Amino acid sequence: MSEIRHFLGTDHWSDAEILALLERARELKRSPGGTELAGRILAMVFFNPSLRTRASFEAAMLRHGGHAILLEPGKGVWGFETRPGVVMDGGAAEHLVEAAAVIGRYADAVAVRAFPAGTDREAAFADPVLRGFAEHAGVPVINMESARRHPCQGLADALTIQERLGPGPRGARFVLSWTWHPSPLPTAVPVSAALNAARLGMEVTLAHPPGWELDPEDMEAIRAAAGRSGGSVEVAHDLDAALEGAHVVYAKSWGRLDLFGDPEAERAARAAHRDWRIDGRRMGLTRDGRGLFMHCLPIRRNVVATDEVLDGPWSVVVDQAENRLHVQRAVLLEVLP
Ligand code: CP
């Protein structure tokens with residue numbers, strides 16, 4: 001029996017394989033679809049809400065003749081217990097171990113969205129729900145966003161950059177800008193975007209206030225990707241200086257990791273940085289004043305970026321969202337047996 005190929009993060013695939021997925025996504029974008037996945041079923045398990053991920057995975061399956069089933073644990077589906085070894089005398093009726101195995105008997109692949117939960121960062125960063133599905137489903141598992149990675153978003157980001165700057169944007173400047181947000185968000189999107197920018201050989205700047213450092217292992221993965229591609233990675237605490245000459249500005253908020261699980265303390269620390277927001281003046285600092293503005297969406301207007309930026313010539317956020325569809329078509333055609 002051949003080994004199951006999961007898609008849990010782009011860093012588990014080789015650079016050549018990721019570049020090939022991007023190439024395939026570019027080709028697929030030029031065609032409406034086919035019948036390659038006729039009779040195939042994707043189970044989509046959402047522990048958290050979504051617009052783009054849900055709609056684009058379902059559309060991707062339909063474009064290739066397949067079908068997607070939506071399962072929302074605790075919402076028309078039994079609530080799942082996800083902790084191993086727990087006495088299940090609480091609200092959850094079903095354990096992930098059986099749920100994953102059963103879903104895997106009905107579907108040819110399972111896609112899972114499970115954001116970090118609880119107050120233990122180490123436990124959350126082990127991605128227990130995603131890895132539990134990979135262990136027990138018996139079919140390929142696709143990560144639709146976990147604590148550590150949002151690989152399909154990262155691929156869509158890379159495809160969008162390639163469309164605007166060329167397939168090999170080596171040496172172009174990619175600035176990932178932390179932005180203020182009313183709540184602490186996961187680091188999966190910024191890490192996944194930076195990983196692929198580094199993989200494309202870009203000069204990556206991670207701009208954030210002191211204290212909002214990304215996880216050291218994730219930083220190591222980004223630096224390693226840059227090392228392989230000939231790109232570079234630096235950290236900056238002065239946003240305006242970082243934006244000077246940038247080809248790409250990727251805005252994203254994330255929670256301070258040393259205050260993981262303590263949203264009140266994190267909110268208090270964040271209050272001093274409300275000015276970390278992308279506006280027209282800041283986009284004017286980019287290369288010829290014409291840098292690209294990127295965000296994974298959903299975005300809070302006039303909090304993360306101003307109307308002027310989102311409605312202006314810089315924004316490619318809708319292209320990014322469209323590209324989720326095409327990269328996922330490529331992923332599904334690759335991993336579905
Ligand atoms: N970017 C993204 O994953 O969007 P959704 O949360 O709407 O799926």
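## Two domains

The centres of domain 1 and domain 2, taken over C-alpha atoms, are separated by 25 Å. Contact between the domains, meaning heavy atoms within 4.5 Å, takes 33 residues from domain 1 and 34 residues from domain 2. Domain 1 comprises 10-149 + 324-335, and domain 2 comprises 151-321; such bounds come from an automatic or database domain assignment.

This is a predicted model, in which local features need pLDDT of at least 70 and side-chain atom pairs count only at pLDDT 80 or more, while totals for chains, interfaces and linings use all residues. Residues are numbered from 1 along each chain as its sequence is written, and side-chain values use heavy atoms, with hydrogens and water left out.

## Surroundings of the ligand

An N or O atom in the side chain of Ser-50 lies 2.7 Å from an oxygen atom of the ligand. On the backbone, an N or O atom of Cys-296 is 3.0 Å from a nitrogen atom of the ligand, and a polar atom of Leu-297 is 2.9 Å from a nitrogen atom of the ligand. On its own the ligand has 260 Å² of accessible area, of which the protein covers 94%; accessible areas come from the Shrake-Rupley method with a 1.4 Å probe, and for residues only the protein chains shown count as cover.

## Arg-149

Arg-149 occupies the loop between β6 (141-143) and α6 (151-165). Helices (H or I, at least four residues) and strands (E, at least two) are DSSP runs, numbered from the N terminus. Arg-149 counts as buried because its relative accessibility is 8%, where buried means under 20% relative accessible area (1.4 Å probe, protein chains only).

The side chains of Arg-149 and Asp-218 are joined by a polar contact of 3.0 Å. A polar contact is a pair of N or O atoms within 3.5 Å; within protein, one must be able to donate a hydrogen and the other to accept it, and residues adjacent in sequence count only if both atoms are side-chain atoms.

Notes:
Buried means under 20% relative accessible area, exposed over 50%, partly exposed in between (1.4 Å probe, protein chains only).
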